[in-house]
Amino acid sequence: MENAEVMADLPKDIRDMATSIKKGKLRFDIHVSDLQTFLKRLDKISNRISFSIILLSFSILMVGLIIGSAIAGQTTVLWKLPVIEIGSIIAVLMFLLLVFTIIKSGRM
């Protein structure tokens, strides 16, 4: 008996749905249960990737300075500061920070 009522209302429901689609008023409500957890994890991943790209570009810049100074036979001193040594220290510290955050998160 219940199925007969559903079947009787089915053509009307399909017609209403088709009308809604034609008018562009069809809405979908999708609920993801762990959306906030997923977004936080995605944010951490994107931050880590950004930091890795910055570290890579800094390392490429430092390699260019080292190779350039080796070819020219000169030391790279800007404003009386040893650029290569300071850059190397910064690169090592950035690398250690990246490794520390990866180990701290427990996912390697």
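Helices here are DSSP runs of H or I with at least four residues, and strands are runs of E with at least two. With that in hand, open the model, which is a predicted one.

**Stop 1: residues 83-103.** Move on to the other annotated stretch. Over residues 83-103 the chain is again 100% helix and 0% strand. Its end C-alpha atoms are 30 Å apart.

**Stop 2: the whole chain.** Colour by secondary structure. The chain has 3 helices and 2 strands, and read along the sequence they follow the pattern α-α-β-β-α. Now show the surface. The accessible surface comes to about 9,700 Å², and carbon and sulfur atoms hold 68% of that area. Of the 108 residues in the chain, 8% are buried. Turn next to the contacts whose separation is 6 or more: residues 24 or more positions apart account for 59% of them.

**Stop 3: the nonpolar patch.** Select Met 17, Ile 21, Leu 26, Phe 28, Ile 30, Val 32, Leu 35, Phe 38, Leu 39 and Leu 42; together they make a nonpolar surface patch of about 1,000 Å². Two elements give two or more residues each: helix 1 (2-23) and helix 2 (35-72). Which helix gives the most to the patch? Helix 2 does, with 4 residues.

Pick out Leu 35, a patch member that is found in helix 2. Is Leu 35 buried or partly exposed? Leu 35 counts as partly exposed because its relative accessibility is 37%, which falls between the 20% limit for buried and the 50% limit for exposed.

Stop 4: Side chains of opposite charge can pair when their charged atoms come close. The count for the model is 1 salt bridge.

Finish by checking the cover on each partner. Asp 16 is partly exposed, with a relative accessible area of 37%. Lys 12 also counts as partly exposed, at 47% relative accessibility.

How values were computed: Residues are numbered from 1 along each chain as its sequence is written. This is a predicted model: local features need pLDDT of at least 70, side-chain atom pairs count only at pLDDT 80 or more; totals for chains, interfaces and linings use all residues. Side-chain values use heavy atoms; hydrogens and water are left out. Patches are made of residues with over 30% relative accessible area and no salt bridge: like charges are joined within 9 Å, nonpolar side chains (Val, Leu, Ile, Met, Phe, Trp, Tyr) within 5 Å. Accessible areas come from the Shrake-Rupley method with a 1.4 Å probe; for residues, only the protein chains shown count as cover. A salt bridge is a side-chain nitrogen of Lys or Arg within 4 Å of a carboxyl oxygen of Asp or Glu. Buried means under 20% relative accessible area, exposed over 50%, partly exposed in between (1.4 Å probe, protein chains only). Contact means heavy atoms within 4.5 Å.
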